[in-house]
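Okay, thanks for coming, everyone.

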Amino acid sequence: MADLVHLSSSASSEEIIDVLNKDAGVIIDNLLHLDDISRINQDLKPFLKNDVFGRDEFTGFKTKRVGALIARSEACRELALNPLINEVSEKYLSPYCDGYQLHFTSAVSIGPGESKQILHRDRGIWGGYLPRKVEPLMSTIWAVTDFTRENGATQIVPGSHLWEKDRIPTDNEIAYAEMKAGSVLLYTGTVLHGGGENISKNDIRTGIFLHYALNWLRQEENQYLSCPPEIAKGISPEIRSLIGYSKGGYVLGFYSDPSDKNAEYESVSPYGTSDDPKSPHYNDQMELLSSFKTKKMTFDKEEIYQKAKAIYNPK
């Protein structure tokens, strides 16, 4: 049986990325404290107590799934901003983008009697249209409970991101992400993986899935409906930006007022116009966006010069 590399919580982003480049999967042990796990469980308890299971073999007839975690759980919002994970996401995805976004959130609880999920690559959600050389995802599964071979630890095939797409792994090429609660599995969008079989009698395996993607790709979870402006305005600017209330590059994500009936020039930059967190313009337009409002614009030279705070004429 194949094995996954385990690193300590003090591992650097460079060490983590080295393993991802080689295996496309790595476990960071004990990155969360017990009180963090307790808060996550408390936030998710009202949703996971419901007996709502998957409807097919892929989603799992004995598996519960809860989405919209950014809107539903303050603890999960903090988890999504974990400094080490975000540093890894930024560096790992940077060859293919000028920024990254939170792509998908879900709490997945695999109950006793669940069968193995078919091995798959998450990049498949975009069909076959992304060139194989472009890695679109850096994904995480946070262990809220212990992950064991018996209770459905995630199957993963180390190195399969380098395989021909039709190659099928043998049993001894499949590793299992066995880890203690508070640990996290990092894996890519190109590696073969799938939920494990839960053969235990009464052991439920629960993990928090937070996936990060290139900022120019459509997100799997529609964050603007899962966390609409009336909720987003009450959370931190950092998490709002991460879920997509920001521009991806120069124009991706711009916003215009749909109620404008006078054809006036209006706009709002989701989040703000500055990338500098110390700037007063870093998030000064978020309130407009969350209220479905815009600011007036003009292309009249005299008016621009009249309202300008500073004028710069390069030589």
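Let me start with a term: a residue counts as buried under 20% relative accessible area, as exposed over 50%, and as partly exposed in between. Take Ile 125: with a relative accessible area of 41%, Ile 125 is partly exposed. And keep in mind that what you're looking at is a predicted model.

So where does Ile 125 sit? You'll find Ile 125 in the loop between β4 (100-110) and β5. Leaving aside residues up to four places away in sequence, Ile 125 touches His 103 and Glu 220.

Let's zoom out for a second. The protein has 315 residues, and buried ones make up 50% of them. There are ten helices and twelve strands. If you take contacts between residues at least 6 apart in sequence, 76% of them join residues at least 24 apart.

Now the helix I like, α1, residues 13-23. Which residues of α1 are buried? They're Ser 13, Ile 16, Ile 17, Val 19, Leu 20 and Asp 23. Look down the axis of α1 and these buried residues fall within an arc of 160°, so they line one face of the helix. Turned away from that buried side is the face with Asp 18 and Lys 22, both exposed. And what covers the buried residues of α1? The cover includes β1 (6-7), β2 (25-28), α5 (83-93), β5 (137-143) and β8 (184-188). Just past the end of α1, Ala 24 takes a positive phi of about 70°.

Stay with Ile 16, please. Setting aside residues up to four places away in sequence, Ile 16 touches Leu 7, Ala 11, Val 26, Ile 28, Leu 84, Val 88 and Leu 186. There's a second, separate nonpolar core of 24 residues, which includes Phe 147, Ile 174, Tyr 187 and Phe 209. The largest core has 51 residues, and Ile 16 is among those with the most contacts inside it, along with Ile 40, Met 138, Trp 142, Leu 186 and Ile 208.

Last stop, the surface. The protein exposes about 16,900 Å², and carbon and sulfur atoms supply 52% of that. Ile 304, Tyr 305 and Ile 311 make a nonpolar surface patch of about 280 Å². Tyr 305 belongs to helix α10, residues 301-307, and is partly exposed, at a relative accessible area of 41%.

Terms used: Residues numbered from 1 in each chain as written. Predicted model: local features only at pLDDT ≥ 70, side-chain atom pairs only at ≥ 80, totals over all residues. Heavy atoms only, no water. Buried < 20%, exposed > 50% of the residue type's maximum accessible area, 1.4 Å probe, protein only. Helix = DSSP H or I, 4+ residues; strand = E, 2+ residues; numbered from the N terminus. Arc of directions from axis to C-beta. Contact = heavy atoms within 4.5 Å. Patch = residues over 30% accessible without salt bridge, like charges linked within 9 Å, V, L, I, M, F, W, Y side chains within 5 Å. Areas by Shrake-Rupley, 256 points an atom, 1.4 Å probe, with all protein chains shown as cover. Salt bridge = Lys/Arg side-chain N within 4 Å of Asp/Glu carboxyl O. Core = buried A, V, L, I, M, F, W, Y, C linked by side-chain atoms within 4.5 Å.
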